[in-house]
Amino acid sequence: MSLYVDQRGRGPLPLVLLHGWAMHGGVLVPLVEALEDQCTMYVVDLPGHGRSRDCGLPLEPRACAAAIARVTPPAFWLGWSLGGTIALTAALELPRQVRGLAMLCATPKFVRDAGWPHGADGPLVHQLASDLETDYHATIERFLALEAMGSTDPRGELRHLRELVFARGEPDLRVLQEGIRILETSDRRAGLPDLAVPSAWISGRRDRLVPPQAMQWSASQCGGSYTEIQQAGHAPFFGHADAVAQALQPLLAPLPLEQAR
């Protein structure tokens, strides 16, 4: 089975959309709808997730970025959460394929340590990895709860995430484990000053997984634009899709129309 890519929208700007851990491209529908007049979107189900569950590709960022690049045209890439790690990897290593980079609640290093005060709690991420082996569904439920924390309506957002997470079938346990390892170990901070494409960094002020300070720092390292959505948590496309679309305009708007086609 090949990598599943859903083409949506009718606008002149090509945009690849990458979802987060344990989810699928369908979760990004509110943002797709907000951008459908401006962009033609390639909404990817990452390997092992959704309709790409059985494609057999690794989730490793370089391999995954290369696989996506083979089946999509040169485009802007937007990555949410774990998807941002793959989008950033593509922007750093495949600049001819990536016209611009949008990082949505995503940073070059996810886990906090002595030299990186803005990340998520390392023991928490390690515990998620251990729990996957013993209680698959409860681990996903716990992560969804973390994603919903900070939202103006955390119970409603959690309920929505629960409805969506298995809407395209259960993700493969193998890639869930790969994804946690990627979150634990990836660190692309050193590459930010060399980023050759324009970038937009969009955070939720109430995000409990990816602190806004991490995204603001990352934007400053590569000369990207930075926007903080005041009432949003880790999934700002729920309830704030128009604000996310507006925050993308510094990245999308400068492109001359003849280059977009």
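Visitor: How far apart do the end C-alpha atoms of residues 15–247 lie, and how much of the span is helix and strand?
Guide: Those end atoms are 15 Å apart, with 44% of the span helix and 15% strand. Helices (H or I, at least four residues) and strands (E, at least two) are DSSP runs, numbered from the N terminus. This is a predicted model, where local features need pLDDT of at least 70, side-chain atom pairs count only at pLDDT 80 or more, and totals for chains, interfaces and linings use all residues. Residues are numbered from 1 along each chain as its sequence is written, and side-chain values use heavy atoms, leaving out hydrogens and water.

Visitor: Which residues of H4 meet H7?
Guide: Val125, His126, Leu128, Ala129, Leu132 and Glu133 do; contact means heavy atoms within 4.5 Å.

Visitor: Why are S1 and S7 said to stand at the edges?
Guide: Seven strands form an open sheet in the order S1-S3-S2-S4-S5-S6-S7. Strands S1 (5–8) and S7 (225–229) each have a single partner strand, so one side of each lacks a neighbour in the sheet.

Visitor: How do you know that S1 pairs with S3?
Guide: Pairing needs at least two bridges found by DSSP. Four bridges join S1 to S3 (residues 39–44), so S1 and S3 count as paired. One of the bridges links Val5 with Val44 in S3.
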